[in-house]
Amino acid sequence: MFDDFFIRALVAGLGIALVTGPLGCFVVWRRLSYFGDTLAHSALLGVTMAYSLELNIALSVFIISSLIALILIQLQKKTNLPGDALLGLLAHSSLAVGLVVIGFLTFIRFDIMGLLFGDILAVTTDDLLIIWTGGAVILLVLKLIWKPLFASTVNYELAEAEGLNPDRAKAIFTILMAAVIAISIKMVGLLLITGMLIIPAAMARNISDSPIKMVVYSIIGGLLSVILGLFSSLEFNTSSGPSIIVAALILFILSLLNIKQSIKLKN
Amino acid sequence: MSRENNTLVKLNNAGFKQNGKWLVEGVTIAVEKGKIVTLIGPNGSGKSTTAKIALGIYKNIEGSVEKYTNKVGYVPQKISIDWTLPIRVRDFMLLTENIKEEKIDEALSLTGVIHLKNKSLGNLSGGEFQRVLIARAICKKPELLVLDEPVQGVDYTGEIALYELIKKISDSLHCGILLISHDLHTVMTATDYVVCLNGHVCCSGSPMDVAKNNEYKTLFGEQASQILSVYEHKHDHVHSDEGEIKKN
């Protein structure tokens with residue numbers, strides 16, 4: 001049944017949504033939107049590395065994104081530049097370097113649009129394996145570090161004082177971010193991955209009053225976005241990434257209705 | 001690691017420097033099981049810093065800290081909860097440890113905020129939040145409780161009740177307490193050991209000893225020293241509602 005490209009894309013997308021749901025909540029809570037964006041931009045460099053060294057794309061993107069995260073941490077320690085400037089610097093320079101390298105690799109034909117915005121035709125059976133095993137590992141690790149990560153998100157000092165080792169949890173979370181970008185780049189495209197992380201989580205925030213609820217709604221929102229997005233991408237012949245993100249946006253707008261109601265109730 | 005009798009945490013000549021400025025230095029204190037150690041001192045004297053050194057929040061410190069327990073309950077002085085987090089009181093109680101539902105209810109009842117269990121943390125008043133913070137810290141039955149001005153913003157009657165509760169917890173759990181407080185009146189009745197800070201340990205000892213100390217008097221004024229000594233004498237009688245004196 002995986003012979004059909006559309007079924008493959010659907011299975012891939014659903015796998016990605018299961019992972020981006022909970023991770024996206026932490027991206028929203030910890031204000032890491034631009035951090036995610038930076039890692040995603042650097043993914044292009046990872047893709048070019050994969051082609052030139054004949055590596056697996058997901059693996060190569062994972063390595064480059066983790067490397068960029070490490071460089072960011074070092075720059076934060078060693079320079080006096082504000083965090084957002086450093087993020088912008090890394091995001092755009094790694095994107096630019098990636099594009100320049102592509103120019104040199106004349107022997108390969110790149111589908112730039114596919115890289116930037118996702119391409120459902122590109123999803124292979126191997127990709128499905130990577131997405132689902134990689135996704136399972138990411139979710140398992142996230143479950144293991146959930147308590148220290150969540151506690152330090154609420155209050156770093158409480159977590160540290162009560163022996164939860166928040167620094168380790170944060171470091172592991174950074175690696176998970178790189179990993180989720182690596183497995184979803186083909187599907188959503190590097191410019192829109194952060195949207196997949198943030199928009200379902202933001203939608204979930206509007207309709208939940210506890211962290212677990214927000215995670216569950218965020219996953220459901222992601223799954224719905226993938227289904228709606230892919231079917232409409234098939235229908236209207238649009239890129240898969242933007243279609244999924246637009247679907248997520250529509251869900252977000254619907255969730256705003258809930259806010260209006262709860263404000264009315266308060267008054 | 002040798003453990004001296006009942007010591008839970010011990011600071012040896014500890015200090016912490018931030019941006020080239022000492023926040024506190026040369027602090028040597030120990031908190032033992034079942035004992036309440038109180039840190040007093042003016043604003044900026046390094047009380048919270050000392051607590052954070054003891055908790056291991058500050059890493060690059062001078063001197064050393066020996067911590068013999070990982071069962072710690074902490075009520076920080078300042079805590080702000082981000083509105084981006086949907087979190088109810090109940091979720092907050094489970095923040096660092098999984099606790100049974102009835103234990104949560106018990107702790108929230110003790111601090112008088114059980115009715116807020118399903119409320120969103122962001123909607124609490126300052127005093128209510130403070131009671132939740134205390135409930136969370138005692139709920140996990142810690143061996144060491146670090147309370148940094150735990151009753152700030154709590155109404156007057158609540159303040160007394162909470163201090164009584166803290167004393168009761170120290171007795172029943174037999175845990176050690178490191179307490180920071182400005183309220184000399186209420187604190188001194190329960191404290192075993194007082195450390196008076198002013199960037200360094202200016203004096204320390206039993207409440208009575210500290211009250212007599214001249215440095216303490218210059219720091220807090222004559223009145224403060226009288227407050228401390230008031231609590232040193234033992235009452236051998238109680239007053240009934242009608243004002244009669246009853247011998248114990």
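Biologist: What do the buried residues of helix 3 of chain A pack against?
Modeller: They pack against helix 2 (33-53), helix 4 (83-104), helix 6 and helix 8 (166-188) of chain A. Bear in mind that this is a predicted model.

Biologist: Which residues of helix 3 of chain A are buried, then?
Modeller: Among them are Ile57(A), Val61(A), Phe62(A), Ile64(A), Ile68(A) and Leu72(A). Some serines are buried there too, namely Ser60(A), Ser65(A) and Ser66(A).

Biologist: And how many residues does helix 3 of chain A have?
Modeller: Helix 3 of chain A has 22 residues, 57-78. From first C-alpha to last, helix 3 reaches 31 Å, close to the 32 Å expected.

Biologist: Switching to the interface: how many residues of chain A are in contact with chain B?
Modeller: On chain A there are 19, in contact with 19 residues of chain B. Helix 1 (5-29), helix 6 (125-154), helix 7 (156-161) and helix 10 (211-236) of chain A each supply at least two residues to that side.

Biologist: Which helix of chain A gives the most?
Modeller: That would be helix 7 of chain A, with five residues. By class, the side of chain A that touches chain B has ten nonpolar, five charged and four polar residues.

Biologist: OK, chain B now. What helices and strands are in there?
Modeller: Chain B has nine helices and eleven strands. Of its 248 residues, 40% are buried.

Biologist: What about the confidence scores?
Modeller: Chain B averages a pLDDT of 84, and 86% of the residues score at least 70. The model as a whole scores ipTM 0.83 and pTM 0.86.

Key:
Residues are numbered from 1 along each chain as its sequence is written. Chains are lettered from A and ligands numbered from 1 in the order in which they are written. This is a predicted model: local features need pLDDT of at least 70, side-chain atom pairs count only at pLDDT 80 or more; totals for chains, interfaces and linings use all residues. Two residues are in contact if their C-beta atoms, placed from the backbone, lie within 7 Å. Helices (H or I, at least four residues) and strands (E, at least two) are DSSP runs, numbered from the N terminus. Ala, Val, Leu, Ile, Met, Phe, Trp, Tyr, Cys and Pro count as nonpolar, Asp, Glu, Lys and Arg as charged, and the others, Gly among them, as polar. A residue is buried if 20 or more other C-beta atoms lie within 10 Å of its own, exposed if 12 or fewer, and partly exposed in between; C-beta atoms are placed from the backbone. pLDDT is the predictor's confidence in each residue, from 0 to 100. The expected span of a helix is 1.5 Å times one less than its number of residues.
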